[in-house]
Amino acid sequence: MKLKNKVALITGASKGIGEGIAEVFAKEGANLILCARSASTKQIADTLAEKYNSKAIYVNCDVTKKADCQNAVEKGMETFGQIDILVSNAGVCKLGNFLETDDNDRHTCKTKQSHCRGISIVLFEYITSNLV
């Protein structure tokens, strides 16, 4: 178990790549803070905790909102006392054939905004709450 006794905060954990990362981390022994806007992510947390005998919590979090990021860090620290790994996976984009998208589709994509803003907010909240 490569991640035994480590705690991972994963944004965008409700489906797809984020959910897959959460499963691999749980399988490797990590405890999880699963952050997403979808309340169905709680079921993912419960399932992974039971399946891999780990601990996992769900925190409702829109990474573009500072209060949500602050809450995610606080809940993670209250529950586990540490956060060792941060996976910035949140992003929203139009799904479909890339060749069929137009400039408007690409410019309205929120992936860059949520990745860049989200990671900076979560890191800031963690650093100011725990290292300063």
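In this predicted model, threonine 11 is in contact with Cys35, Val63, Val87, Ser88, Asn89 and Ala90, leaving aside its neighbours within four places in sequence. Threonine 11 belongs to strand β1, which spans residues 7-11. Its relative accessibility is 4%, so threonine 11 counts as buried, the cut-off being under 20%. The side chain of threonine 11 also reaches the backbone nitrogen of alanine 90, at 3.1 Å.

Isoleucine 10 has its own set of contacts. Beyond four places in sequence, they are Gly18, Ile21, Ala22, Phe25, Leu32, Ile33, Leu34, Cys35 and Val87. Nonpolar side chains tend to be buried together in soluble globular proteins. Here, the largest nonpolar core holds 17 residues. Ile10, Ala22, Phe25, Leu32, Leu34 and Leu48 have the most contacts inside it. At least two residues of this core come from each of β1, α1 (16-27), β2 (31-36) and α2 (41-52). The largest share, five residues, is supplied by α2. A second, separate core has 15 residues, including Cys35, Val59, Phe80 and Ala90.

Helix α2 has twelve residues. From first C-alpha to last it reaches 16 Å, close to the 16 Å expected at 1.5 Å a residue. Its buried residues are Thr41, Ile44, Ala45, Leu48, Ala49 and Tyr52. These residues lie on the same side of α2, because they cover an arc of only 125° around the axis. An α-helix has 3.6 residues a turn, so residues three or four places apart point the same way. The cover over the buried residues of α2 includes α1, β2 and β3 (56-60). Exposed Glu50 and Lys51 sit on the face turned away from the buried side. Just after α2, asparagine 53 takes a positive phi of about 50°.

Key: Residues numbered from 1 in each chain as written. Predicted model: local features only at pLDDT ≥ 70, side-chain atom pairs only at ≥ 80, totals over all residues. Heavy atoms only, no water. Helix = DSSP H or I, 4+ residues; strand = E, 2+ residues; numbered from the N terminus. Buried < 20%, exposed > 50% of the residue type's maximum accessible area, 1.4 Å probe, protein only. Polar contact = N/O pair within 3.5 Å; in protein donor to acceptor, adjacent residues only side chain to side chain. Contact = heavy atoms within 4.5 Å. Core = buried A, V, L, I, M, F, W, Y, C linked by side-chain atoms within 4.5 Å. Expected span 1.5 Å × (residues − 1). Arc of directions from axis to C-beta.
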